[in-house]
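User: I'd like to go through the labels on this model and see what backs each one up. Ready when you are.
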Amino acid sequence: MLTKSLGHFPFPTAVTNEEGDIVEANKAFYSVMDHAETYIQRDMRRFLRSKQQEHSPVVIPGTSYRMIARPYEDQQDMHALILFRDEQFHQINQIIEHSYDGLSVTDATGVTVMINGAVERYTGVPREYFLGKSAERLITRGFLQESVTAQVIKARKPVTVFQGGTNDQQIMMTGTPIFSGDEVRQVVINLRDITELVYQYQSYLRTKDTGDDSTGHVEHQDVEMVQISSMVSRIANVDASVLLMGETGVGKDVIANQLYEKSDRKNHGEFIKVNCGAIPFDLLESELFGYEDGAFSGAKRHGKPGMFELADRGVIFLDEVGELPSALQVKLLRVLQDGEIRRIGGTVTKKVDVRIISATNQNLRQMVREAKFREDLYYRLNVLPIKIPPLRERPNDIDYIATHYLKQYGEKYRVQKKFSDEFVQWMHTHQWPGNIRELANLIQRLVITVAEPIIDVEHLPNDYQNKFDDEELTNENLLKKAAEDAERNLLEKAMAKYKTTYNVAKALNSSQATVARKVKNYGITVH
């Protein structure tokens, strides 16, 4: 009876029970089933569970249909399913399938009902694992990190989240609700690979001039700093390790960045800065060397590259290298000796082409004597040492650097300020324990807070006022002045006798750079 009634129907039609089992069907339906039984059974059962009555798509390779459900005659537990071939829908589906962005559609319960091939490319997971499965199940199995659908339904508006993909991709997922009346009927999810965008943005942040860099590049007047700048230009393209030494705030990171900017490596790799003293030991190893999938609890799927891999063909700057734990000193030594790294949990090594610049405000040689730093690593890092003098030892730089920041912050805050002669004199008497960073910070504060056009010593903050009063009266200042007078007299006599800074340095067992700087600072005439 069923076969006879269905046999005259021109469209592929089947009668099913409530569970989705086919009770009877016509020849046209079985003809479609012969080519795509898996697709028909899958979509049919999902369609019946959804309680919808029309317009459910059935996607079959090569074509597409729309499925319509109707109660079968007077039998309440039976449904007639009719397939209408839909060329327009097939065309739209082809467009979706060939979209470079990933596209998927979920129902209101979070079950995926449609997905294109790009999602498989981004996630590395076959689309069959998504279709017909809820977001909660996909999260449990590790295919998703969070449910966009749940957030969209809760917010009742588009929601964007981010998660990792294959090969350390950064994937942006945007879910958009489709309403049926007041209820969210479906959620369309767009997946886009933004890895390159994130990479470019991070590179921009690392290299851009923020206008607030308290140790930013400043031309120098001090003889020794001019010589350091000249040396930076000479060794920029020499692939040897550089060790920058100096107190906090003297500008070691600026010198490191200049070495990168003036080198050919700028065109091939990145400048990666790592503060060895700011990252906890448990995280520092994974940050430097990366890790493989499953290396430890909480590790990302597909692992993560370390800083050395990210700096390949570029420069890595290890600030506060003296804080590096002993265990990591051994691994760093291997990078320097063999040019290779091994991720945490990995079994193979990987070659990296990285120039290492390190910096410290500690006495590494003393740390070697105390067995706190490996001697072999010290010599590997100390191939090209550069010692940056503190600001108090280069008075010719103070006026120039202070004027630089006065102009910079004046332009930023749209004010015009000048220094009084007394303020300039005070700057030369202050010891600047924080060096350039302290000087820049103080000038920025005064530019903002001082209402008058002239910045004077009376405008100094209280903590500096107390130091100013004390410095004028302490025996330490008297001793310092006496020492400077004695040094000046000694240099004047030595220059009169030996004529050149080279001969004076040799006679006094000092460096030529130091003698030349002091001769200029004291205003001693060179004949």
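User: Why are α10 and α12 called roughly parallel to each other?
Analyst: This is a predicted model, and in it α10 (residues 281-289) and α12 (residues 326-338) pack at an angle of about 10°. Angles under 35 degrees count as roughly parallel, so α10 and α12 get that label. Their axes are 11 Å apart.

User: Which residues in α10 and α12 meet?
Analyst: From α10 you have Phe 281, Leu 284, Glu 285, Leu 288 and Phe 289, and they meet Ala 327, Leu 328, Lys 331, Leu 332 and Val 335 in α12. Sorted by class, that contact has eight nonpolar residues, two charged ones and no polar ones.

User: What makes Asp 239 and Arg 265 a salt bridge?
Analyst: Their side chains meet at 3.1 Å, N to O. The cut-off is a side-chain nitrogen of Lys or Arg within 4 Å of a carboxyl oxygen of Asp or Glu, so the pair qualifies. By this rule the count comes to 17 salt bridges.

User: Where do Asp 239 and Arg 265 lie in the chain?
Analyst: Asp 239 is in the loop between α8 and β11, while Arg 265 is in the loop between α9 and β12. They're 26 residues apart, and the pair links distant parts of the chain.

User: Which residues make the nonpolar surface patch of about 230 Å²?
Analyst: Tyr 413, Val 415 and Ile 448 make that patch. Ile 448 sits in helix α17, residues 435-449.

Technical notes. Residues numbered from 1 in each chain as written. Predicted model: local features only at pLDDT ≥ 70, side-chain atom pairs only at ≥ 80, totals over all residues. Heavy atoms only, no water. Patch = residues over 30% accessible without salt bridge, like charges linked within 9 Å, V, L, I, M, F, W, Y side chains within 5 Å. Areas by Shrake-Rupley, 256 points an atom, 1.4 Å probe, with all protein chains shown as cover. Helix = DSSP H or I, 4+ residues; strand = E, 2+ residues; numbered from the N terminus. Axes fitted to C-alpha atoms, helices over the stretch in contact; angles between N-to-C directions. Parallel < 35°, antiparallel > 145°, perpendicular 65-115°, else oblique. Contact = heavy atoms within 4.5 Å. Nonpolar A, V, L, I, M, F, W, Y, C, P; charged D, E, K, R; others polar.
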